[in-house]
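Here are my notes on this one, as promised. Have a look at the model first, then go through the points with it open beside you.

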Amino acid sequence: MAQVGMAAESNYDYVLTSDYAALIAEEFGRNAIISDEYSFDLHPPPPHPDPTTLPSRPPVVTIMGHVDHGKTTLLDTLRSTSVAKKEAGGITQHIGAFSVPVQATSSSGIRSITFLDTPGHAAFSAIRARGANVTDIIVLVVAADDGIMPQTREVIDLIKRDQGNTSVVIAINKIDKPGVDVDAVQKKLLAEGLQLEVFGGDIPSVEVSGLTGQGLPTLIETISAVAEVRDIRAERGGVLYGHVLESKVQKGLGPVATVLVMRGCLEMGAHLISGTHHAKVRIMKDSSDNIIKTAYPGMAVTVSGWKSLPSSGDNVLQGSESEIKKAIANRERAQGLKALMTDAEAINAARNQERRQKENTTVATAAPPVVEGPKELRLIVKADVSGSAEAVVGALQGIGNKDAQTKIVSSGVGDVSESDITMAKAIDATIIAFSVSVPRSIETLAAQNQVPICSSNIIYRLMDNVRARVIALLPVIV
Ligand code: GDP
């Protein structure tokens, strides 16, 4: 936590970190006792020292790829083979994930696969933007009739950046279409640096049709074989650790969140914390809408009993009721301090600006004014859903240093519109478009008004782009 205020301007209050306060106390010959009461929090458990001894868990899979290459169709067809369709008479509730059983005849020991199906990979991005990863395997969908397109490349970049932490299966889709050349697509993927099995590498590729269902059993078999090799395991005992995939207020149930359990077991009646939100698990349902008492690692379950709505991407931990209350009080206090510091920084900046303006009007024009304060890259964020808007803002607002930094002017949900361009032009801002479309007419309008638009459905791509723009603002040192 940084200190707030400027030495030259003594009229400001200071917000001190506990470390800094302890140092001052020492200066005065006192020993500071930092009370646990104000620093207590719950944290994710450390990784297990010997995962090979643990029970295996279902792999968590995310389907990614270029728009219109068939991700939604593929997910719908896969979902229709899920337990939900069979047992609940075809009624499947969208909860952000679903589970597909693996045939008992499968050579792998995997019994089911959990697919994340959040639109625009929002949960995936939100979780990654918070520095965690819940996906074991990415299925990269490439339409055989369209080949490698910009968003395919973005996923390939993400895979390369990931350096093997996430495994990859290629699904060459739409093979039901006449005249498609699968071989050509595979060669292009190889040329992009993906070492496909057909060329002696280790990335399997499967030919599928999401529309007709052709090749889907092979896709499931391939995913379970990859999961088998990864040997995905998690402890069922110990501290619970999970992530919120989605959350919404449901009639009759209040705030409900889909929680993906990563470690430990989630039990009825447990007290949970996510961000500054508290739940006592009241009703828990699996992705087939069955009420369950215990959720194991790799399962996505809807949890009701939240006192307020948690945010997608945030982690979920368990504790006693009193631990959770204490942790929430501290997290809220930390948030309050952060807001206070941001306000104080804004006040400082505004006062400095005011002072500079006054000096510039009174001082002779001979010497150029000294430019103080950081340069700002103003950003207008547009995203597909509120969870991802929040994640993008979280990822971008920390970029920069004392000389140049980002400033999020606004964030919202929906396609980039004319009013976004008007606002960006007025305040000299860059538009960040995450998993939303930028209509051709808007692109033209932006170009005419010299408003930069940075568009991607990969958060890391946006971060790189913004980082480069912030660097460009830095003064050149000669
Ligand atoms: P997404 O944007 O990647 O989610 O793509 P969609 O699933 O919405 O599919 C885009 C279009 O491609 C739709 O018109 C689908 O009907 C069509 N489509 C998807 N999968 C297939 C397939 O396997 N074969 C054929 N012929 N069309 C497909």
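Predicted model: local features only at pLDDT ≥ 70, side-chain atom pairs only at ≥ 80, totals over all residues.

1. A word on naming before anything else: helices (H or I, at least four residues) and strands (E, at least two) are DSSP runs, numbered from the N terminus.

2. Residues are numbered from 1 along each chain as its sequence is written, and side-chain values use heavy atoms, with hydrogens and water left out.

3. On confidence: pLDDT is the predictor's confidence in each residue, from 0 to 100. The chain has a mean of 84, with 82% of its residues at 70 or more. For the complex, the predictor gives an ipTM of 0.99 and a pTM of 0.70.

4. Back to backbone angles for a moment. Most residues other than glycine have a negative phi. Q450 is another residue to check, with a positive phi near 55°; you'll find Q450 in the loop between helix 11 (440–448) and strand 18.

5. How do helix 2 and helix 7 cross? The axes of helix 2 (residues 71–80) and helix 7 (residues 216–230) come within 11 Å and cross at roughly 85°. Axes here are lines fitted to C-alpha atoms, for helices over the stretch in contact, and angles run from 0 to 180 degrees between N-to-C directions. That makes helix 2 roughly perpendicular to helix 7 (the label covers 65 to 115 degrees). On the helix 2 side, L74, T77 and L78 meet L216, L219 and I220 of helix 7. The residues of this contact split into 5 nonpolar, 1 polar and no charged (Ala, Val, Leu, Ile, Met, Phe, Trp, Tyr, Cys and Pro count as nonpolar, Asp, Glu, Lys and Arg as charged, and the others, Gly among them, as polar).

6. R79 pairs with D117, their closest N and O atoms being 2.4 Å apart. The two residues are 38 apart and link distant parts of the chain, with R79 in helix 2 and D117 in the loop between strand 3 (112–116) and helix 4 (122–129). Over the whole structure, a search finds 16 salt bridges.

7. Now the barrel: 6 strands close up in the order 7-8-13-11-10-14, with antiparallel pairing (two strands pair if DSSP finds at least two bridges between them). Neighbouring strands of this sheet are turned by 50° against each other on average, direction ignored. Strand 7 (residues 241–250) and strand 8 (residues 254–263) are joined by 9 bridges, and G242 has V261 in strand 8 as its bridge partner.

8. The other sheet to look at is open, with 4 strands in the order 16-15-17-18 and parallel pairing. Strand 16 (404–413) and strand 18 (453–456) stand at the edges, each with a single partner strand, so one side of each has no neighbour in the sheet. Strand 15 (residues 375–383) pairs with strand 17 (residues 430–434) over 5 bridges, and V381 stands opposite I432 in strand 17.

Note on methods
Parallel < 35°, antiparallel > 145°, perpendicular 65-115°, else oblique. Contact = heavy atoms within 4.5 Å. Salt bridge = Lys/Arg side-chain N within 4 Å of Asp/Glu carboxyl O.
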